[in-house]
Amino acid sequence: IFTIDCSSKTMSSNNEQEVFDALCRHVTPFPSPLPPEEEDTVLAQMVPGRAEVVLLGECTHGTEEFYHLRRQLTKHLVLERGFRAILLEAEWPDIFNINLHLTKARS
């Protein structure tokens, strides 16, 4: 998980190493394996309270464990923390259908 405090102006450098170092100070690896009874508590603690942007990345592209944790964290961010936008890297037809489902549910 990578979080950004959007009120901070500390990442205004063109120096790649400086930007990389700044990013590394904010990276939080997912604990693995995560016992199911601890998921809600651990995931809630992983994102700082002031976070306005949360980026999720994974190198395995398709493991069940990552998708499960991403689903749980997304649910927490939307329901408990009030996040209103979720951007996903996915196949366009799948995301289009999800968007249709979500927007129809609100109308």
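Biologist: What pattern does the chain follow when read along the sequence?

Modeller: In this predicted model, the order along the sequence is β-α-α-β-α-α. That gives 4 helices and 2 strands.

Biologist: How do you know that the span of helix α3 agrees with its number of residues?

Modeller: Helix α3 covers residues 64–79, which is 16 residues. At 1.5 Å a residue these should span 22 Å.

Biologist: Why is H76 called buried?

Modeller: Buried means under 20% relative accessible area. H76 has 15% relative accessibility, so it counts as buried. H76 is part of helix α3, and it touches A44 and R81, leaving out residues up to four places away in sequence.

Biologist: And what makes Q72 buried?

Modeller: The cut-off is again under 20%. Q72 has a relative accessible area of 17%, and therefore it is buried. Q72 also lies in helix α3. Apart from neighbours within four places in sequence, Q72 is in contact with E39, D40 and L43.

Biologist: Why is L56 called partly exposed?

Modeller: Partly exposed lies between the two limits, buried being under 20% and exposed over 50%. L56 has a relative accessible area of 31%, so it is partly exposed. L56 sits in the loop between β2 and α3. Its C-alpha atom is separated by 9.9 Å from that of L87, which is 31 residues apart from L56 along the chain.

Biologist: Which residues of α3 are buried, and how do you know whether they line one face of the helix?

Modeller: The buried residues of α3 are F66, L69, Q72, L73, H76 and L77. Seen down the axis of α3, these buried residues fall within an arc of 135 degrees, so they line one face. An α-helix has 3.6 residues a turn, so residues three or four places apart point the same way. On the other side of α3, E64 and L79 are exposed.

Biologist: What covers the buried residues of α3?

Modeller: The cover includes α2, residues 39–46, and β2, residues 53–55.

Biologist: Which residues of α2 are buried, and what makes them a face of the helix?

Modeller: In α2 the buried residues are E39, V42, L43 and M46. Viewed along the axis of α2, they fall within an arc of 95 degrees, so they line one face. D40 and Q45 are exposed on the other side of α2. The cover over the buried residues of α2 includes α3.

Biologist: How much space lies in the largest pocket, and which residues lie nearest its centre?

Modeller: The largest pocket holds about 790 Å³ of space. Its lining has 20 residues, and T74, I86, L88, I98 and L102 lie nearest the centre. Helices α3 and α4, the latter being residues 92–106, each supply at least two residues of this lining.

Biologist: How many residues of each class does the lining of the largest pocket have?

Modeller: The lining of the largest pocket has 12 nonpolar, 3 polar and 5 charged residues.

Biologist: What share of the chain is buried?

Modeller: Of the 107 residues in the chain, buried ones make up 18%.

Biologist: What share of the contacts with a separation of 6 or more comes from residues 24 or more positions apart?

Modeller: Residues 24 or more positions apart account for 66% of those contacts in the chain.

How values were computed. Residues are numbered from 1 along each chain as its sequence is written. This is a predicted model: local features need pLDDT of at least 70, side-chain atom pairs count only at pLDDT 80 or more; totals for chains, interfaces and linings use all residues. Side-chain values use heavy atoms; hydrogens and water are left out. The expected span of a helix is 1.5 Å times one less than its number of residues. Buried means under 20% relative accessible area, exposed over 50%, partly exposed in between (1.4 Å probe, protein chains only). The arc is that of the directions from the helix axis to the C-beta atoms. Contact means heavy atoms within 4.5 Å. On a 1 Å grid over the protein atoms alone, a cavity is a set of points where a 1.4 Å probe fits but cannot get out, and a pocket is an open set with protein on both sides within 12 Å along at least five of seven lines; lining residues have an atom within 4 Å of a point. Grid points are joined across faces, edges and corners, and a volume is the space filled by probe spheres set on the points. Ala, Val, Leu, Ile, Met, Phe, Trp, Tyr, Cys and Pro count as nonpolar, Asp, Glu, Lys and Arg as charged, and the others, Gly among them, as polar.
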